[in-house]
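Please open the structure in your viewer and keep the selection tool at hand.

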Amino acid sequence: MTTSKQPGMGMRFSREELRPLAILEGLPDQHLDWFAAHGERVVLGPGEHMFERGEPADSMWLVVNGVIQGFEEIGGQSLLVATTERGQVTGMLPFSRMTHYPRYTVAPVPSEVLRLEASLFDEMQAVSLEVVRRLVAQMSDRVRGDVRLEQQNEKMLAIGRLAAGIAHELNIPAAAMQRAVARLAEHRILMPKLVTALARHHVPAEALKRLERLRSADRRGEIATLTPLERSDREDDLAAWLEAQSVSEPWKLAATFGDAGLTVQDLLDVDTALRVDAPEPALTCALSWLGAGLESDHLVEEIAAAAQHISTLVASVKSYSHMDRSPAHEPTDVRAGPR
């Protein structure tokens, strides 16, 4: 980083160079001569810093040629917050309570600046009250600009927090949808193989009907009445029975069957129907088909719930930001929205 450039001794602007500048426009020659005699010329190349953030605010800087940009560190980034063009001033001003420069300044193009030390402000006031009046007006504009900048920064921080919160809330259902879709893709490959196996084992029609009824049965109301301990005991019973039938990974099927509200008696009924005219391996195949079908149905419900959650979040954001609405006042239900 290039450091601030110190003016060379004896380098001064002429009266005619200062005359066209807005802050000095219309002043008598003797006033212009005072600025020419007391102000030091600072020449800056592209990228050179005029002053650094935190340095003592000991001078007023009047841009004679070029432009000066002010940067502040906001959110870990250097952001352009002020631009001082030809005829404008920056830095310390009369009656300002600034003690240190709040930002660093850079010349993006070749620039020339008149530097006037703050120790000369009283003398400047005695020479030209008009200039002081103009500088006080600029200081008021700068204060208003700083207030607007602070308000804008606060709004941007609030928007950032809101965006982060929304991203987090959207990521949860999106991740659930991704997991469900990946699992469904596995079932899409598995299910035809299981159907082929059922056909090969000549599974009786009655057993197929029982399997289909168990898959389509809606027992959510019954499950809701069970305590967590009762549900755990049911899953343990299912896992023990499946293990006794030499089913692979019985705990996985037990969890799926338990979530669907099935009991050991339901599986016994399937086993009884299969034994009429099907070989013994048909039971494992039938239970695998039933488990894959139940899990697929549950995954589809998860995807639908996640999609609905995303839609609800989007609707809430639209309501909050008044997207697609006219500027006219409308009644608002304060009870609506997330709690």
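The quantity called pLDDT is the predictor's confidence in each residue, on a scale from 0 to 100. It is needed here since this is a predicted model.

**Confidence along the chain**

Select strand S7, residues 111–117, which has the highest mean pLDDT among the elements of the protein, at 95. Then select helix H6, residues 220–224, where the mean is the lowest among the elements, at 82. Next, move to residues 1–5. Over this stretch pLDDT stays under 50, and the model has 19 contacts beyond four places in sequence for these residues.

**An open sheet**

Strands of a sheet pair through backbone hydrogen bonds, in either a parallel or an antiparallel manner. Select strands S4, S3 and S6, which form an open sheet of 3 strands in the order S4-S3-S6. Their pairing is antiparallel. Which strands are the edge strands? They are S4 (77–85) and S6 (104–106), each of which pairs on one side only. From one strand to the next, the twist averages 35°.

Within the selection, find Gln-69, which stands opposite Val-106 in S6.

**Two loop residues**

Select Phe-95, in the loop between strand S5 (89–91) and S6. Its phi is near 70°, a positive value in a residue other than glycine. Is Phe-95 buried or exposed? Exposed means over 50% relative accessible area; Phe-95 has 58% relative accessibility and therefore counts as exposed.

Continue to Ser-246, in the loop between H7 and helix H8 (250–259). This residue, likewise not a glycine, has a positive phi, near 60°. Because its relative accessibility is 63%, Ser-246 counts as exposed.

**A pair of helices**

Two packed helices are described by the angle between their axes and by the distance between those axes. Select helix H7, residues 228–244, and helix H9, residues 264–274. Their axes come within 9 Å and cross at roughly 30°. Angles under 35 degrees count as roughly parallel, and H7 and H9 are therefore roughly parallel to each other.

Finally, display the side chains of the contact. H7 contributes Asp-237, Leu-238, Trp-241 and Leu-242, while H9 contributes Val-264, Leu-267, Leu-268 and Asp-271. The residues of this contact divide into 6 nonpolar, no polar and 2 charged.

Methods: Residues numbered from 1 in each chain as written. Predicted model: local features only at pLDDT ≥ 70, side-chain atom pairs only at ≥ 80, totals over all residues. Heavy atoms only, no water. Axes fitted to C-alpha atoms, helices over the stretch in contact; angles between N-to-C directions. Helix = DSSP H or I, 4+ residues; strand = E, 2+ residues; numbered from the N terminus. Parallel < 35°, antiparallel > 145°, perpendicular 65-115°, else oblique. Contact = heavy atoms within 4.5 Å. Nonpolar A, V, L, I, M, F, W, Y, C, P; charged D, E, K, R; others polar. Pairing = 2+ DSSP bridges. Buried < 20%, exposed > 50% of the residue type's maximum accessible area, 1.4 Å probe, protein only.
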